[in-house]
Amino acid sequence: MVDPDNQTSHLVAPVLEQLERGSGPFSSLIQQLTQIVGKNSLLYDADELLVYECDGYIVDKSAPDIVVFPTSTEQISSIVKICNQFNVPFLARGAGTSLSGGCLPIGGGVMIVLTRMKQILEINLRDRYAIVEPGMVNLHLTNALKGTGYHYAPDPSSQGSCTIGGNIATNSGGPHTLKYGVTTNHVLGLEAVLPDGSVINLGGPTAETPGYDLHGVYVGNEGTFGICTKAIVRLTRDPEAHRTMLAVFQTISDATRAISEIIAAGIIPSALEMMDQGIIQAIEEAFHFGFPLDAGAVLLIEVDGLEIALDEEARRIVEICNAHNLREIQRADTPEERLLIWKSRKQAFGAIGRLSPSYCTQDGVVPRTRLPEILEFIEATSQKYGMRIVNVFHAGDGNVHPILLFDERDQDQIQQVMEASEEILSKCLELGGSVTGEHGIGVEKINFMSRIFNETDLSQMEKVRNIFNPRQICSRDKVLPPHGEESQSAVTLSHPGRRAPH
Amino acid sequence: MTLTHSGTPEDFVPTSQSELSRFLSDNATSARKQTFPVGGRTSLAVCCPDSHSGPLICTSQLNRVVDYPVRDMTITVEAGMRLDQLNEIISAEGQRLPIDVPQSNRATIGGVIATNTSGPRRFSYGTIRDYVIGISAVDGVGNLFKSGGRVVKNVAGYDLGKMLVGSLGTLSVISQVSLNLRPRPECMQLVWFDFDSCQSVDQALEAIVTSGTRPTAVEYCNSKAARQITAESRIELPNENHAVCICYEGPENVVKWQAQQIINEWRAFSSLDAQIIEGSQASQLYNALTEYQTSSDDPVTLKAVVLPSQMMSFIETATSLNIAVQAHAADGIVFGHLPDSASSLENVNQILEQLQSVIDPGTGYLTIYQCESDWAESLPLFCSPPAGWELMQQLKQALDPLQLLNSRRFTELVKS
Ligand SMILES: Cc1cc2nc3c(=O)[nH]c(=O)nc-3n(C[C@H](O)[C@H](O)[C@H](O)COP(=O)(O)OP(=O)(O)OC[C@H]3O[C@@H](n4cnc5c(N)ncnc54)[C@H](O)[C@@H]3O)c2cc1C
Ligand SMILES: Cc1cc2nc3c(=O)[nH]c(=O)nc-3n(C[C@H](O)[C@H](O)[C@H](O)COP(=O)(O)OP(=O)(O)OC[C@H]3O[C@@H](n4cnc5c(N)ncnc54)[C@H](O)[C@@H]3O)c2cc1C
């Protein structure tokens, strides 16, 4: 490839300072940050920092040096400017539910936790948008909209705790994204503090804005383009009615073929969630929903829209399921029954806690029609390693979530989790898919990037990242594989057997 | 290098991505000529003076299907594929890309992405940015790169596809694209309403927020535009006042129910009889609504994007200036064809000033969508600078450091 005079490529991140606890610069940094946020909004005690040493991805751990809880864009801008002045890395954290280590503070530094910025600034139904602060919990927005006839469509399974800022950073999906799309389809604009401390606005509340779609590029940056401080999100009409069903199948492949047929028949359900035998048993043990323990798979199918349309859609779905050896079907006739069906899905993760001390949720994607193949492969991998793997996932999108159960106190098991995950994700790629549908690359999947993308692809992504974050001072060593000695060592340090000492 | 029939001998017609990459890479290292990517050439003179000062890069030979796994409802095609060709292939399988494209017999998918083309259906289906799941392109110095993939859900790496949607060929030449498709609906009907004032239209549009129906599209036309659209579609409909045309798609019984329901709901705002248009007439009228934004012979076409709640007051001003107005009403996107009386730059500038004065500078934008190319030099094509302009400049610099791709078009983007 050409390298014209003024083209920058492969910028190596500069060396950032490692803070030494108790040193002069450390105290001075604490003092300056305290001036901005006040002493009740700052943590630096080693014990208190433990809570922040990992997010939902528990394989790697690394504590930040300082945690701050700002309450305004101005505070964030000042914090970021000070981090620049001291040359220490920083990163944003929402609720910390990331499953790919997005909140892991590689190289330490300052963690900016956004949970105190959780206001709704505006709701405008006529123009179909809301403006919220980044720490707003996803479900709280939808709760605030109850009764208006509108909701915020992206609904990750973690919606009861994850934040809109975190959703934007990771471009979250969820059960209803099959019909309604992922986060990027619902973000109209945003305000962000760039890694140099400047404040920018991208997009806006109108249907489109002139120029390049920078807010579109921002969504899914995994915290590496600066800190989102405000979001303008699209509001979606509530469906008039739902039909929610639990279809029980003898085998997984019957269920996956039914999924493919339903969509091929021109029906786009609002949700198509699959639970396999392992997860059914776990849920049953925990909550006693009455699932048959010997069933191969259960599909949670929901269609929504106008009342007048739904009976016919539901009828056709049942017909298709029947053609694929449907064993039995439960229908929700009341809103309470619907909630109960959804509860079984949403609490699946909670139920897993009963099966095993630790679990690692994977996030591969395959074309929908290749689901039977990937599930067979997952089963074979489970047998190969003698490790229990259960599945609960957004089947309509081909987004699988094999959950690998292990004991994190056992170093061998950690190694096996890594190897089994690697094999499953490689298979997803081989089937024409991707290694992440919604959790992101973070630190967890960084080694896959150079297998999915070639050097030129990565260097283009790097150029775009460098426009926002040229010094890599914000959320360093995430998403793109680092190069250069300094960066390399930063990552190697955090991966000793992929598990840092406590 | 292949020569074109219609272009100059310098024009380049790549037959593969690697040929395209080689051409741009050689150009960057040696001749460093300005180059201009073109698809169907449906709008080259638009918003861009002097666009032919170097070779055109014509995508006409990049028009193959790369992969169409029908049951996965995704397709990967080369960027020069014409929309009609794409639609034919996918509609044979009961699928569609729900993006309305004027002149679809000529426009290419690369051009649609580069210009972020959309039409009435955007209200319910979104725009092309919501359907691009993977993209390949070659930047100004010959780097062939891709982002995304071929599965509908994927968050590996940054979404560079978004950056290219609407970039007007100023960041790279799009060479291949993977799209998410939707099922074709069984039936479409339109309901044509006639209102006697802007105020009653506004009330009706506000009621859409809580309507029992779920329209696919909500189109507004003032009388001047309504007359042209009804003439074009050869359907006799009332067109002396303010027309609103609502579109429904889906299973037949559901569509029929909704058409009746909206008539009941809107009785409160319009005393005049509404008309239901179905069958082939519905397609004719829908096509006329899709084509209207680009179909005019008028000297200047404006596009305003405002909040839906502020749209009717803007339209009232535009109508008083004798402008023919069509709007994707529930999205606040307004197209205005200026009258013949806007015959001098001075007149046009006066009209622009009056319109600009009723746009909220915080949220609305007025742009010149089409005009004679010799006027484009003097008119403020983008009337206010976009948010994030400095980052945009850096993006342009990063992908086209030698300013070899459509650079005039880029400066027009921000001349203000
Ligand atoms: C039980 C469970 C179920 C889940 N289900 C789903 C699911 O269905 N779909 C799905 O997509 N994900 C799911 N996730 C993953 C996770 O919930 C999402 O990635 C979520 O968007 C993270 O939000 P958060 O507020 O917890 O962000 P965090 O975990 O705090 O942060 C995630 C990343 O975003 C960055 N970040 C956070 N806030 C900001 C901000 N304001 N500005 C810039 N960067 C920021 C962080 O630096 C980090 O890189 C699940 C997780 C769990 C534990
Ligand atoms: C400034 C502008 C804004 C427009 N906005 C809209 C709109 O909002 N809604 C609407 O309905 N129509 C819009 N149009 C009309 C639209 O251009 C046509 O409807 C059609 O989609 C263009 O396709 P085409 O293949 O004919 O492109 P062409 O007329 O050949 O090219 C149009 C533009 O796209 C670029 N381009 C074409 N192919 C590629 C490619 N493969 N890679 C990179 N760049 C390429 C060209 O350089 C040129 O800038 C707009 C046109 C212009 C010029």
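User: Why does A:Cys83 count as buried?

Analyst: This is a predicted model, so every value here is computed from it. The relative accessibility of A:Cys83 is 0%. Buried means under 20%. A:Cys83 therefore counts as buried.

User: Where in chain A does A:Cys83 lie, and what does A:Cys83 touch?

Analyst: A:Cys83 is part of helix α3, residues 73-86. Leaving out residues up to four places away in sequence, A:Cys83 touches A:Val88, A:Phe90, A:Val110 and A:Ile473. To be in contact, heavy atoms must be within 4.5 Å.

User: How far apart are A:Cys83 and A:Ile452?

Analyst: Their C-alpha atoms are separated by 33 Å. Along the chain, the two are 369 residues apart.

User: What is the secondary structure of chain A, and what makes chain A as compact as a globular protein of that length?

Analyst: Chain A has 17 helices and 20 strands. Its radius of gyration is 23 Å. The globule rule gives 23 Å for 502 residues. The two values are close, so chain A is as compact as a globular protein of that length.

User: How much of chain A is buried, and what share of its contacts joins residues 24 or more positions apart?

Analyst: Buried residues make up 64% of the 502 residues in chain A. Among contacts with a separation of 6 or more, 73% join residues 24 or more positions apart.

User: What are the accessible surface and the charges of chain A like?

Analyst: The accessible surface of chain A is about 17,500 Å². Carbon and sulfur atoms account for 49% of that surface. Chain A has 40 positive and 62 negative charges, and their mean positions are 3 Å apart.

User: Is B:Arg129 buried or exposed, and how do you know?

Analyst: B:Arg129 has a relative accessible area of 12%. The cut-off for buried is under 20%. B:Arg129 is therefore buried. B:Arg129 sits in the loop between α4 (122-125) and β6 (132-139) of chain B. Beyond its neighbours within four places in sequence, its contacts include A:Asp213, A:His215 and B:Lys162.

User: Which residues touch the most other members of the largest nonpolar core?

Analyst: That core has 80 residues. B:Leu86, B:Leu97, B:Ile109, B:Ile128, B:Met163 and B:Leu179 touch the most other members. Another core, of 51 residues, lies apart from it, with A:Cys321 and B:Met73 among them.

Note on methods:
Residues numbered from 1 in each chain as written. Chains lettered and ligands numbered in written order. Predicted model: local features only at pLDDT ≥ 70, side-chain atom pairs only at ≥ 80, totals over all residues. Heavy atoms only, no water. Helix = DSSP H or I, 4+ residues; strand = E, 2+ residues; numbered from the N terminus. Rg over C-alpha atoms; globule rule 2.2 N^0.38 Å. Buried < 20%, exposed > 50% of the residue type's maximum accessible area, 1.4 Å probe, protein only. Areas by Shrake-Rupley, 256 points an atom, 1.4 Å probe, with all protein chains shown as cover. Lys, Arg positive; Asp, Glu negative; His and termini not counted. Charge placed at Lys NZ, Arg CZ, Asp CG, Glu CD. Core = buried A, V, L, I, M, F, W, Y, C linked by side-chain atoms within 4.5 Å.
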